[in-house]
Amino acid sequence: MKETISVLNILLPLLYFVSFGVYLLDFIKDLKKLINIKRVFLFLTLFIHIIYLLMRGLESSHPPITNVFEIFTVIAFSISFSYFILELLTDVRGTGLFIIILSLLFQLISSLFIHEQLVPEILKSKLLGSHVLSALLGYSGITISAVYGFLYLRMYLELKENKFNSLIYQRLPNLEILEKLSYYSAIIGFVMLTVAVIVGIIWLPQVPELKFSYSDPKLIGTGLVWAIYGVGIFSKFTGRLQGKKVVIFSIIGFLIAILSTIISNFVSKSFHSFTIK
Amino acid sequence: MNIIGISVNHNTAPVDLREALHLQQEEISDLLKKLHQELLNEAFIISTCNRTEIFGIPKDQNLTPVDMQNFLTKAKPVPGIADEHFSKYFSCSAVNHIFRVAAGIDSLFVGDNQIFGQLKESFQLAENAGSTGLLMKRLFDAATVVGKRSKTETTISDGAITVSYAAVQLIEKIFSSLNNKSALVIGLGETGEIAAKHLKDKNIGKLTLTNRTYEKSEKLAELLHASILPFSGFKDCLSEFDIIISATSSPELIITADDLKLMTKKRKSASTILMDIAIPRDISAEAKKYDSIFYHDIDSLNIIVEQNLKKRKDEIPKVHKIIKEELVNFFSWLNSLDIAPTIKTLRETFENIRSEEVKSQINRFNEADREKVEILTKRIINKILHHPTSELRKVANLGIDSPEAVSKIAIVRELFGLMNNNTNKEN
């Protein structure tokens, strides 16, 4: 099984690269025959990726969330998987390359640096696995929301500046759809973050050795992101926020999420880090 | 067998001459009957604001397009019209021209969709007048194929090429669905009216019209099931609309900076599209400064029109390829209508069937009988084909351009599948 995992580890960035390439080609050339082919490529990539994740989990007897590079491969999968579901639901097929490129980058870094290491017993908990997976899906949701937010702003500028000949203007869907895609992804992200928080609260008392702190940077960061998206979604729902303001809200939420991840992972100490000393 | 034609169109004659020569339906029907009686075995006429054209199969091989030209100018005298205003077509160039018209590449606006419908109507008129036969029907079918293929296999008709339609297409790049949106059209001149019709075609949720002349609003509102606002009071309701298209001929601004300020205040951050398709402009350019307003004037819409026209022109080589393919198909069929090749193909077809059957059954006969079987089956085939062959030869004496000859040859070819034989060989 180890050999298969190694092969898949090499194969996955290539598959994401091919999927990205097909989406890019379709974006540039607008070839009718690629409309369904690109979807098949992405499906196959995701199918192989989920097999890889399952094999990895079975081989090591824990969910693949025990180090940054395992988390990266899960992020790569969840971003493209969320996009795939969104594409199936909305039939908006012209934006895939902007999302898949993120999966490609995450998977490439993961494949290059992933390695076996000793795993603390605490990380083998299924509840923790659910907590982390839902948090990753949540962050994937807000990442996709931000990508659509950026695309909205780009399209908005093209329209304002009469750049009707650009590929962005010609290939992207209309502003209202981009706004909806950004909004729906934000809702998915928000719901999954909420699930992550709830599972975390349930799991916490089961690990008395964990030094819980309300001033934990990851806790504060996630709380802040969760609150921003909560306020944004509520404001959009009640009609207080519309159009450009909705996507700017989403982008701000995403930037804070990135910032909080950097601070909590690399700058300050968190009870969220589990390493064997 | 020859097809000839004449055309007065936007490339050959100025608009006043084209207008003067334009034929009404009754005129076309009368003219077709006369043409059919005097000059042409088969004929059809197309007459639109941009072209008047006659095509047909001459009764007399010596008939020239100049004779048709004289016939037309005698039936519809137009002062100032001269030989230089006519394009003349023979045989392949005539068919090529009809195909170009059907594909929309001979139109004033390349890729024009209307012409295809007009061509269909013209053919229907010719059919009703009894001036069409097998050849014209086949020609029309081929032109239909060219028109349809050009539309589906190329993007020759894609994209807006009028300012009004460009405005509506631009709106669709901002709003995903118009059926939950409200629109106001200010000014119901030709441009405003067309814009209102386009919005209706796109299923706009609520359409409101306003015009200085109330009667004009009333008439169009009835046609489009729209509501009307009095011109004196529409400004009070600006904030109620997601889309505002203004196309008046007013020398002053209709929507000022103050109106915009008030409107955006009332609409909060809801997106509003303002399309100013008037010259001089109706809406203050201050609109550009508002984040929630998408303001476009005639200059920006013209950018779209020019881009689309360029894209359509870039598609012309693809249409030429389609026309070439269909010309080959059409003339392969036309050439197959000659007597000698028809008799030859008919005999070959029967001989093939005979020899294949004999080959498959020959082992059932002893050596001595095999030769007899060959002779017997050949004799049967010869007897079967004797009458059709002599009938076809008689038809040849009528002249191969006669409708009777064309019709009989076509029937023989169709009944015995000889058309397919030819095509297969060519392929």
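Modeller: Chain B has a mean pLDDT of 89, and 96% of its residues reach 70 or more; pLDDT is the predictor's confidence in each residue, from 0 to 100. This is a predicted model, where local features need pLDDT of at least 70, side-chain atom pairs count only at pLDDT 80 or more, and totals for chains, interfaces and linings use all residues. Residues are numbered from 1 along each chain as its sequence is written, while chains are lettered from A and ligands numbered from 1 in the order in which they are written.

Colleague: Where in chain B is confidence lowest?

Modeller: Confidence is lowest in helix α16 (residues 418-426) of chain B, with a mean of 49. Helices (H or I, at least four residues) and strands (E, at least two) are DSSP runs, numbered from the N terminus. Where pLDDT is low, the predicted coordinates should not be read in detail.

Colleague: And the complex: what ipTM does the predictor give?

Modeller: The ipTM is 0.82, and the pTM is 0.73.

Colleague: Changing topic, what is the strand order in the open sheet of chain B?

Modeller: The order of its 4 strands is β2-β3-β1-β4, with antiparallel pairing; two strands pair if DSSP finds at least two bridges between them. β2 (40-47) and β4 (87-90) of chain B are at the edges with a single partner strand each, so one side of each lacks a neighbour in the sheet.

Colleague: How many bridges join β1 and β3 of chain B?

Modeller: Strands β1 (residues 4-9) and β3 (residues 51-58) of chain B pair over 6 bridges, in the antiparallel sense. B:V8 has B:T52 as its bridge partner in β3(B).
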